[in-house]
Amino acid sequence: MNWLRHSAHGALFAAIVCEVAATLSLKGALTHPWLVAVVVLGYGASFFLLALTLRRGMAVGVAYGIWGATGVVLTALLSVVIFGEAITPVMALGMALIILGVGLVELGSHGGSKAQERAEAVDGP
């Protein structure tokens, strides 16, 4: 568990797990009211862990994009298994585009900071 205590990616992974558990519990709470506790605790833990991710240096746009997109995709996939919901081809395309979009944001965040560093080196701060 050392990776969870010191890694921005570990904290983000834990935040995603908590958020997905809370979101899936929302539907379950309709028939099992005790799951409301899982919803509240899951969202609270998720936001705490997302803040921890940011504190550990991950850019907010990257962290939020990964958190949100992964949460959407995992929730949709797990709802098929848990609740028997369907994923249509249009939904699958949408999820693929979400993943692609977040990947581009993450990729662009690395190139943008290096370009900015080069510009500052040439022009000064």
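Predicted model: local features only at pLDDT ≥ 70, side-chain atom pairs only at ≥ 80, totals over all residues.
A residue is called partly exposed when its relative accessible area falls between the limits for buried, under 20%, and exposed, over 50%.

The protein contains five helices and zero strands, and from the N terminus on its elements follow the order α-α-α-α-α. Of the 125 residues, 28% are buried. Among contacts with a separation of 6 or more, 64% join residues 24 or more positions apart. The accessible surface amounts to about 8000 Å², and carbon and sulfur atoms account for 74% of that area.

In soluble globular proteins, nonpolar side chains tend to be buried together. Here the largest nonpolar core comprises 15 residues, and Leu12, Ile16, Leu49, Leu50, Met58 and Trp67 have the most contacts inside it. At least two residues of this core come from each of helix H2 (8-28), helix H3 (36-55) and helix H4 (60-83). Helix H2 provides the largest share, eight residues. For Leu12, with neighbours within four places in sequence set aside, the contacts are Leu50, Thr53, Met58, Ala63, Ile66 and Trp67. Three of these partners, Leu50, Met58 and Trp67, are listed with Leu12 among the core residues with the most contacts.

Charge pairing was considered next. Side chains of opposite charge can pair when their charged atoms come close. The structure holds one salt bridge, formed between Glu85 and Lys27, with 2.5 Å between the closest N and O atoms. Glu85 belongs to the loop between H4 and helix H5 (89-123) and Lys27 belongs to helix H2, so the pair ties together parts 58 residues apart in sequence. Both partners fall in the intermediate class of accessibility: Glu85 is partly exposed at a relative accessible area of 31%, and Lys27 is partly exposed at 38%.

Two serine residues were examined individually. Ser25 is a residue of helix H2 and has a relative accessible area of 11%, so it is buried, the limit being under 20%. The side chain of Ser25 reaches the backbone oxygen of Ala21 at a distance of 2.7 Å. Apart from neighbours within four places in sequence, Ser25 is in contact with Leu35, Val38 and Val39.

Ser7 is placed in the loop between helix H1 (2-6) and H2. With a relative accessibility of 23%, Ser7 is partly exposed. A polar atom of the Ser7 side chain lies 3.1 Å from the backbone nitrogen of His9, and a polar atom of this side chain lies 3.0 Å from the backbone nitrogen of Gly10. The C-alpha atoms of Ser7 and Gly57 are 9.4 Å apart, while the two residues are separated by 50 residues along the chain.

Technical notes. Residues numbered from 1 in each chain as written. Heavy atoms only, no water. Core = buried A, V, L, I, M, F, W, Y, C linked by side-chain atoms within 4.5 Å. Buried < 20%, exposed > 50% of the residue type's maximum accessible area, 1.4 Å probe, protein only. Helix = DSSP H or I, 4+ residues; strand = E, 2+ residues; numbered from the N terminus. Contact = heavy atoms within 4.5 Å. Salt bridge = Lys/Arg side-chain N within 4 Å of Asp/Glu carboxyl O. Areas by Shrake-Rupley, 256 points an atom, 1.4 Å probe, with all protein chains shown as cover. Polar contact = N/O pair within 3.5 Å; in protein donor to acceptor, adjacent residues only side chain to side chain.
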